[in-house]
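I opened my notebook to look up a few residues and their surroundings. Here is the structure I worked from.

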Amino acid sequence: MRDYGYSEKGQQGSLSDFHLWKRILQFSAPYWLGLTFAVCISILITWATLTLPYLVQTAIDNYITASLISTDERIAGLTRTTMLYGFLIFGVFLASFCQILVLEWVGQSVMHTVRQRLFHHLLHLDLVFFNSNPTGRLVTRLTNDIQNMNEMFTSVIVTLFNDLLRLAGILVLLFWMNPRLAAVLSLFVPLALLITIFFARLARERFRAIRTQLAKLNSFLSETLSGISIIQLFGRQETNRLTFEDLSEGYLQKTLRQIKLFGTFMPLTEFMSSAAIAVILWYGGGEVLQQRLTLGELVAFISYMRLFFQPLRELAQKYSVVQSAMASAERIFQLLDTKSVITQPSQPARLKKTEGKLEFDNLCFGYEKNSPILRNVSLSLFPGQTVALVGTTGSGKTTIVNLLLRFYDPQAGTIRIDDTDIGTLDLQELRTIVGVILQDVFILQDTLFANIVMDTGCSREQIQAILDQTGMNRFVDRLPSGLDTIIGDGGMELSTGEKQLLSFARVLCRNPAILVLDEATAAIDTESENILEQAIADSFKGRTSLVIAHRLSTIKRADHIVVMAHGKIIEQGSHEELLKRDGHYALLVAMDLQNE
């Protein structure tokens, strides 16, 4: 069955627990004061909790069963003991409240730091990484996996220390109160620990299975809802319903297995607790009758044994949380350790003034080994020249654009701008020099002005000048609020042609020396095309342009036409020259005219 973008295969065991803890603590280091405070509060809570049974023992032995003092003294003593008992309970409540606040603050702060670091890291990874890592898996890293680590901080690290401290404290107190009875009860300790560890390991495996199945379910839901129009168009509702039913059934069965496990473990723990109390009543009762143990000590023993088994019941769950968090931490740190294949030069070259000369020299490239897309492609564009790339789908046209923008690096050959290898240029500078208008346009949920300006800092006057120069002001003037119209989700929806006009204005705002149009007019209406045709004609002047297009009207405007097939350049020349040759280009033109 598909994993729908999520899989944990190969993720276990590649990083040691020591290494993981070390890196987790590095993220926690800025908050050491909060963690220290939480540990100190844990010690106070443990001390107060273990004092409560002792106060009950004091109340019984010193006041309730004491016949040598007066009734008034006994009542007064009970009152003082009760008030102290109530004070400790309130103190435990207040300390627990403060501890939860501190732990939540530490956990959320650490996770905020991890989330920001991870998201920043993802933004700077190259397309090679994203092509091999489905979106569902990456979203899971930023959400579920980070939340798992947060649970470890808020509900495990300090509270686990608290529980272990409580267990140790109870054993010490029991041996201090009555070594013989404590020795009998200590027989339950190794048995309880063995059962807890056994069930914790089973719980870890089943908990991981639940998380993996849930991730598959969520990924499939995301895939289905994002492509609902295609599903309805091709009538796949029943197929998707059955797939979802299968994934949901798998999640149900894995959850039920976990429930059965804890349904066995919890009663077994309660059984051991009850058996221990039965032993206390039998053996301890005999000790009381023989006056070797007081009634208060017997009651305290019972209370301590109840306290002893309480953290054991929680250890299995906390152990599962720790293991799940460690698995999540491993995946997060593996992602943080992933290096981009496309690297920034340590000392980037600087182009003082970009003329716009562009050279492709013997480019060889394939997205996969032994599957070349480009084969020894060489092409030169002179400053101010417009070159059109034509060819059937899969001939390598868009791949050339990807290499020019350094989304990928060629396996062989070089690309130069003004005789400078683009591999030596700063990536951000390169992508400012080269402006690309794609067929698919990303829209921000913001104003039209913000969508055009992006990160360039252009003023409203500069944007208006670009719109007037290219004739795109006719498109803007039709909008309800002009440049201040909200577009995207929750705002006005733009047509395909209007999105292309927006994309064109966005690129011109950066004033690139080299302009690339990748199928920019492939799917727009006639009116938008007329506006875009004027914008293209005005923008090509004095600017080196590389045009990938199928439409004859756009191709004919080029100074030079390059025909590609199977990753090679097979023809070059002007429109008229290529038609006279009656070769591959003439065939493409004939097909274009026939389609019109």
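**Entry 1: Arg406.** I looked up where Arg406 sits. I found Arg406 in the loop between helix H11 (397-404) and strand S4 (412-417). The model is predicted, so I keep that in mind throughout. Is Arg406 buried or exposed? Its relative accessibility is 4%, and buried means under 20%, so Arg406 counts as buried. Next I listed its contacts, leaving aside neighbours within four places in sequence.

**Entry 2: the cores.** I then turned to the nonpolar cores. How many residues does the largest one have? I noted 38 residues. Leu448, Ile452, Ile463, Leu483, Ile561 and Tyr585 have the most contacts inside this core. Helix H16 (residues 496-508) gives the largest share of the core, six residues. Another core lies apart from it and has 33 residues, including Val189, Ile195, Ile277 and Leu298. In soluble globular proteins, nonpolar side chains tend to be buried together.

**Entry 3: a surface patch.** Last, I checked the surface. Phe90, Phe93, Leu94, Phe97 and Leu101 form a nonpolar patch there. Together they have about 530 Å² of accessible area. I found Phe97 in helix H3 (residues 71-123). The relative accessible area of Phe97 is 44%, so I wrote Phe97 down as partly exposed.

Technical notes. Residues numbered from 1 in each chain as written. Predicted model: local features only at pLDDT ≥ 70, side-chain atom pairs only at ≥ 80, totals over all residues. Heavy atoms only, no water. Core = buried A, V, L, I, M, F, W, Y, C linked by side-chain atoms within 4.5 Å. Buried < 20%, exposed > 50% of the residue type's maximum accessible area, 1.4 Å probe, protein only. Helix = DSSP H or I, 4+ residues; strand = E, 2+ residues; numbered from the N terminus. Contact = heavy atoms within 4.5 Å. Patch = residues over 30% accessible without salt bridge, like charges linked within 9 Å, V, L, I, M, F, W, Y side chains within 5 Å. Areas by Shrake-Rupley, 256 points an atom, 1.4 Å probe, with all protein chains shown as cover. Salt bridge = Lys/Arg side-chain N within 4 Å of Asp/Glu carboxyl O.
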